Structures are given as structure tokens and as C-alpha cells.
Amino acid sequence: MKTASIITWIALLMVQQASFAQTTVISDIRLIDGNGKLPGKNVDMVIKADRIWAIYLHGSNKFPTDAKMVNMSGKTMIPGLINSHAHLGLLKGPVSSAGNYSEENILRQLKKYEDFGVTQVLSMGSDHDMIAGMRDSSRQGLLPGATIFTAIHGFGALGGGPPSSMIDQVLRPQTAGEAVKMVQQLVPLKPDVLKIWVDDFGGGSPKMQPEIYTAIINEAHKNGIRVAAHVYYLEDARKLVAAGLDIIAHSIRDKEIDDDLLKAMKSKNVIYIPTLSLDEYNFIYAGKPAWLNDPFFQASIEPGLLDTLKSESYIKRLQNDPAREKKMADFRMAVQNLNKIFKAGIKVAMGTDSGAQPVRAQGFSEHLELQLMLEAGLSSLEAITCATRNGAQVLKIDHDYGSLSVGKKADFIILSGNPLENMKLSQSIVSVWRSGFKVSDGPLGK
């Protein structure tokens, strides 16, 4: 982190500490609290220090004369968004590479996420050991930007994905015994989950064998750690759920999910993270989506990428991609399966895999994901709940975050519009607040 940035952040902390006893009232705002309830009449939210102290119907209560009044008439408040599947430190310019991984790059990306209203991110298995210390500082409020959660190093098959040029510290056990030892070596770093890459990446790589992932799952559970899996195939998901998997971290895309697996997932409380935007990114740029020209999107992508995305050579290559129809079919199946999974009462959380590839823009992807959830039949309110309360439950921080009620942390986004009327208005960010203080005017703010 650059010296000037450190000084700025320390100064902000000092101001916050000096103002810690300040009472702030967010006045006359529409509140979408993250618990799935429709907003009622506008409210006045009272914040003391870093927590929500009271919520009143607007105008029904008088406040101390020294309270800081912030009028938000006509605006909407939602909890900070939680990305339950992201990657940190890999992107720099139009390239995703392990060589980009650095503290400075991670901090830059955390700030970008926060500017877009993403207040917590779970980095899924692409990190180096240094992330553990950064994670601890981040959780203590000592780093700017979104709060870090991490799987540290992921597990993959020998000779399989992901490519080491992009993620260079993947653990690749060859036997169940090796898998157990590798989990035990990772435990002292206190990963929030373990990540396993199971599938064959389109048929070009070896799969992780069941005896390996079963050993990882069992040893992780002995140490109180949940396991998330990168999957594609229905039958892999079935075997993983039977083996005790906790989180399916991508959509099932090869076949329609059946009732037997739905029942197994529900009975075992398996969490599903569909990452629909990942699948749409695989083909959408060929059609020159309108949001290519949207400043909100352009603020999220890495420098130098926009010219590539708009170039005729890139668009033509995507249009002529022999796998394009299959990629589009994968997306349609992902949407169909999310509909069935959500209707079955299985917990769904928002994740995007943003940060893994340059085209998966950090910040914009999370808002796109909300819109795509609507294509799967979720309501706007249900999609927001997946991205807030459910995400907090995934990270086991729902006692403080993910919804806005008395006693919880004052972490929220102020929007100029109502996303329940049009989900694209989740992008109308006026400001982002963390622990009772405004930390950003949004990606397009001053």
C-alpha cells in the first residue's frame, strides 16, 4: 500500500475514533433490511458508534440536538453486498496472473469492491500465505476496503485445473493420505473454508478423484472447517454431497438437477452459489452488451481492457468460437437449475468468481449477478437477500452483518433509486457506509 494511502487511511481512522460517540441519524429513507421483508414506510435510522441503535418510522421520534442529521428522502438503503465467491490479487491490467499477486494489488481491489457496495469478499483458494495476516488486519478494521475472507490455498488434481500460471499455490495431493496431511498443514492459517477444484475444465484436465476429495472433506470437518467445490457436472455434485460437501461454489451446468439431489442438498444444508455471471461472461461480449458503454461498468474493469472488449477482432473471435453454443446452453442450464434449487428451499448465496479473469469485472459483476438471479425466477427482494443475509450466513457473520436491524453493524449502501422496482438501480450508489461512517461515494462519486 502506498505511503500516501496509508496516511489517508490512518487519518480516517483517527477521525472515526474521535467521532465514536457521535449519534448519526439517517433520516426519511426507504429501508430494505436484507431479511426478505418488503420495506414499509420510510424510516429514521439512529446510529451510535458503529452500530444501529434504533429504527423509527420517519418523524415519529425526536433526536438529541447534537445528533448529526443526514436527510436521505427519496433514497433507498440496503445492506452491504457479500460476494461469497471471488478472487483477490490476480488481475492487473488486461491480464490474470499469479505474478500480479501483491499486498498493494489486493488493497486496490478491496477498495474497488467497497466502492461498488461489496463489503465482504470470500477469496476462493487462489491466495498466498500472506493473505492470512491481511485477513486478520482486515477483520479488525485496520485495512481499507471490503473485508477479507479466504480459503487460502485451494486443492486441485495433479495435472488438472486451475492453471498454475494464474493460481500458483494450489495443493495437489496424489493420495488420500497426502490430502489429509495437506489439510493439517493448512489448518494453522485458519482458512474460512477449504476450496477444491473437482471437474475436468471442459474435458481437458484430470478430475479430482473421490477418495481424494472425501479425505479432504473428512479432515476439514474434523477441524471445524467447511469445504466448497468448483463443480460443473451433476454426477460430481451428487457424489460430493454424499461425501459431505458444504458448499457448491458454481452452477451445475451439464444436466437438469433431479429431485434426489435436491432432497440430499436440502437435508444436508448444502449452500449453493450459482455464479451465473461467470457463465454469461463466456459469450456475452460477442453480442456487444449495452453496458459496455455504461460508466458504472467501465469504472470496474481493469485499465486497458475496454479497448480489447470493443475491438472487432475480439468480438469476431467470440462470435466464431466453436464452443459458443455450448457456453450459452451452460448458462441456460445454470439458470434453470437455480430456479429449481431456490424453489426447493436450498440456501442460495451470491457469488461471481470476479477477479479470476479480466472479463469478470470486480464490482460490476456483483450487480450483474443480482439481475441474472431474476432471470432464474427470483424476485428482486429474494436476490438481495441472497446477496446480503444469506452471504453473511455463509461467512458465519450474520450476528453482525447481512441485515439491518437494531444492534447490528451499520454497514449499508445508499441508493438513489429503488432496486425492487428495477434491479439495475442497485447500481445507483450514492454512498457506502461501514461501521457507521461513510467510506465511499460509490465508483462514480466525487
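Here, two residues are in contact when heavy atoms of each lie within 4.5 Å. Keep that in mind while looking around this structure, which is a predicted model.

- Leu91 belongs to strand 7, which covers residues 91-92.
- What does Leu91 touch, if you skip residues up to four places away in sequence? The list is Ser96, Asn100, Asn105, Arg108, Gln109, Glu302, Gly355, Ala356, Gln357, Pro358 and Gln362.

**The nonpolar cores**

- The largest nonpolar core has 102 residues, and the members that touch the most others are Ile196, Met265 and Tyr285.
- Helix 5 supplies the largest share of this core, with six residues.
- Take Tyr285 from that trio: beyond its neighbours within four places in sequence, Tyr285 is in contact with Trp291, Leu292, Phe297, Leu309, Tyr314, Ile315, Leu318 and Val359.
- Another core, of 17 residues, lies apart from the largest one, and its members include Ile82, Ala151, Ile271 and Val394.
- As a general point, nonpolar side chains tend to be buried together in soluble globular proteins.

**Helix 3: which side is buried?**

- Helix 3 runs over residues 130-139, and its buried residues are Ile131, Ala132, Met134, Arg135 and Ser138.
- Why do they sit on the same side of helix 3? Because they cover an arc of only 165 degrees around the axis.
- Just past the end of helix 3 comes Gly141, with a positive phi of about 80 degrees.

**Helix 5 meets helix 6**

- Helix 5 (residues 210-222) and helix 6 (residues 234-243) have axes that come within 10 Å and cross at roughly 35 degrees.
- The crossing of helix 5 past helix 6 is right-handed.
- On the helix 5 side, the contact involves Tyr213, Thr214, Ile217 and Asn218, and these meet Lys239, Leu240 and Ala243 of helix 6.
- By type, the residues of this contact are four nonpolar, two polar and one charged.

How values were computed
Residues are numbered from 1 along each chain as its sequence is written. This is a predicted model: local features need pLDDT of at least 70, side-chain atom pairs count only at pLDDT 80 or more; totals for chains, interfaces and linings use all residues. Side-chain values use heavy atoms; hydrogens and water are left out. Buried means under 20% relative accessible area, exposed over 50%, partly exposed in between (1.4 Å probe, protein chains only). Helices (H or I, at least four residues) and strands (E, at least two) are DSSP runs, numbered from the N terminus. The arc is that of the directions from the helix axis to the C-beta atoms. Axes are lines fitted to C-alpha atoms, for helices over the stretch in contact, and angles run from 0 to 180 degrees between N-to-C directions. A crossing is left-handed if the near helix is turned anticlockwise from the far one by less than a right angle, and right-handed if clockwise. Ala, Val, Leu, Ile, Met, Phe, Trp, Tyr, Cys and Pro count as nonpolar, Asp, Glu, Lys and Arg as charged, and the others, Gly among them, as polar. A nonpolar core is a set of buried Ala, Val, Leu, Ile, Met, Phe, Trp, Tyr and Cys residues joined through side-chain atoms within 4.5 Å.
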